[in-house]
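Please keep the sequence and the 3D view at hand while reading.

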Amino acid sequence: MVFEPPKRLVRALGETAPDGDDWLEKLPEAAQQAVALRELTVERVQVPGGRSSLVVLVRTADGAPAVLKLAPGRARPEAERAALAHWGGRGAVQLLEPFAAEGVLLLERLHPDVSVRSLPEAKALLEAAGTLRRLWVEPPADFPFETVAERTGRQAEAMRARAQADPEVAPLVGLALAAREELLAAPPEHRLLHGTFRQSKVLSGERMPWLAVGPDPVVGECAFDLARLVRDRVEDLIAQPSGAATTRRRVKRLAESLDVDQERLRGWTLFRAVESGVRAGRVGRPRDAELLLEFAGWL
């Protein structure tokens, strides 16, 4: 079988590495080797798939369904492996092969086309939040993960540079950076976080009704993780005449349901929305940038 990367993956990797690298060129051969080494039977490549990895639906030598995932180093697959191993299937997809070649993960098969986004909005938020709560555990000793301070520090530098080049975004960037500084001064807890949690990252499973996939793990306070969920279905929020009020109610409801400080959640939601909006503008996605920055303005 020829392992052709989905267009979505090619486009997304082009945004994160505009000068390119040779990972995509080597991907077909790497996938063939990973399949042969594990004696897997390939069913199909998942399309449209993710924005940072090739996902292949396979069966193991004993016929059990599984997922083979290959990701470039900049997607931090080894951090994903470490987080999944630490969670041990509690709230997240099960890692079937704790030790493997760098950049290759063999995972429990979930239902790849059924996420909580298929549920009505209120129910989807409830199920997603319940899944997220199970992931918030003490990180392992000597954890191999970035901290929230480290990750947002890199992002803050890029945001400052963009604000200098585009004065229109400077006021929102200033608010977001000020919120970050205040939030980092006294974090209430340090937990292992999913890092990129949203409704599409929660899939239907057999072992449990809903399980998280695709973490980009980070260690920090829970409000940082929950912040990305606040803006889920942002297109729908923007389209509503009452979108701003709905957003504020969502912040309050999610904070209360997961025992997170409402103001800290609002602050991290602001920072993450502005960061994503600035990044979208930088890589040539003006419509996404407009939506995210409008959303941020409501906070």
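At roughly what angle do the axes of α6 and α10 cross, and within what distance do they come? The model is a predicted one, and the values below are computed from it. The α6 and α10 axes cross at roughly 135 degrees and come within 9 Å. An angle over 145 degrees would count as roughly antiparallel; α6 is therefore oblique to α10. The crossing of this pair, α6 and α10, is left-handed. On the α6 side, the contact is made by Leu172, Val173, Leu175, Ala176, Leu177, Ala179, Arg180, Leu183 and Leu184. On the α10 side, Arg264, Gly267, Trp268, Leu270, Phe271, Val274 and Val278 take part. By class, the residues of the contact of α6 with α10 are 13 nonpolar, 1 polar and 2 charged.

**Two further helix pairs**

Helix α6 (residues 170-185) also packs with helix α5 (residues 148-165), their axes coming within 10 Å. Those axes cross at roughly 160 degrees, so α5 and α6 are roughly antiparallel to each other. The crossing of α5 and α6 is left-handed. From α5, the contact involves Val148, Ala149, Thr152, Gly153, Ala156, Met159, Arg160 and Ala163. From α6, the contributors are Ala170, Val173, Ala176, Leu177, Arg180, Glu181 and Leu184. The contact of α5 with α6 holds 10 nonpolar, 2 polar and 3 charged residues.

Helix α10 in turn meets helix α11 (residues 286-297), with axes within 7 Å and a crossing of roughly 160 degrees. The pair α10 and α11 is therefore roughly antiparallel, and α10 passes α11 in a left-handed crossing. Residues of α10 in this contact are Thr269, Leu270, Ala273, Val274, Ser276, Gly277, Val278, Ala280 and Gly281. They meet Pro286, Asp288, Ala289, Leu292, Leu293, Phe295 and Ala296 of α11. The residues of the contact of α10 with α11 comprise 11 nonpolar, 4 polar and 1 charged.

| Helix pair | Axes come within | Crossing angle, roughly |
|---|---|---|
| α5 and α6 | 10 Å | 160 degrees |
| α6 and α10 | 9 Å | 135 degrees |
| α10 and α11 | 7 Å | 160 degrees |

**Backbone features in loops**

Which two residues does a cis peptide bond join? The bond is between Val47 and Pro48, with omega about 10 degrees. Pro48 lies in the loop between β1 (41-45) and β2 (54-59).

Asp142 is not a glycine, yet its phi is positive, near 55 degrees. This residue, Asp142, sits in the loop between α4 (121-135) and β6 (146-147). Is Asp142 buried or exposed? Asp142 has a relative accessible area of 80% and is therefore exposed.

Asp259 likewise has a positive phi, of about 55 degrees, and is not a glycine. Its loop is the one between α9 (243-257) and α10 (262-282). With 67% relative accessibility, Asp259 counts as exposed.

**Side-chain contacts**

Thr60 is placed in the loop between β2 and β3 (65-70). The relative accessible area of Thr60 is 17%; buried means under 20%, so Thr60 is buried. Its side chain makes a polar contact of 2.3 Å with the side chain of Asp62. Beyond residues up to four places away in sequence, Thr60 touches Glu39, Leu40 and Ala66.

Glu146 belongs to strand β6.

Asp216 lies in the loop between β9 (210-212) and β10 (218-220). At 16% relative accessibility, Asp216 counts as buried. Apart from neighbours within four places in sequence, Asp216 is in contact with Arg76, Arg151, His194, Gly195 and Thr196. The C-alpha atoms of Asp216 and Leu229 are 15 Å apart in space, and the two residues are 13 apart in sequence.

How values were computed
Residues numbered from 1 in each chain as written. Predicted model: local features only at pLDDT ≥ 70, side-chain atom pairs only at ≥ 80, totals over all residues. Heavy atoms only, no water. Axes fitted to C-alpha atoms, helices over the stretch in contact; angles between N-to-C directions. Helix = DSSP H or I, 4+ residues; strand = E, 2+ residues; numbered from the N terminus. Parallel < 35°, antiparallel > 145°, perpendicular 65-115°, else oblique. Left-handed = near helix turned anticlockwise from the far one by under 90°. Contact = heavy atoms within 4.5 Å. Nonpolar A, V, L, I, M, F, W, Y, C, P; charged D, E, K, R; others polar. Buried < 20%, exposed > 50% of the residue type's maximum accessible area, 1.4 Å probe, protein only. Polar contact = N/O pair within 3.5 Å; in protein donor to acceptor, adjacent residues only side chain to side chain.
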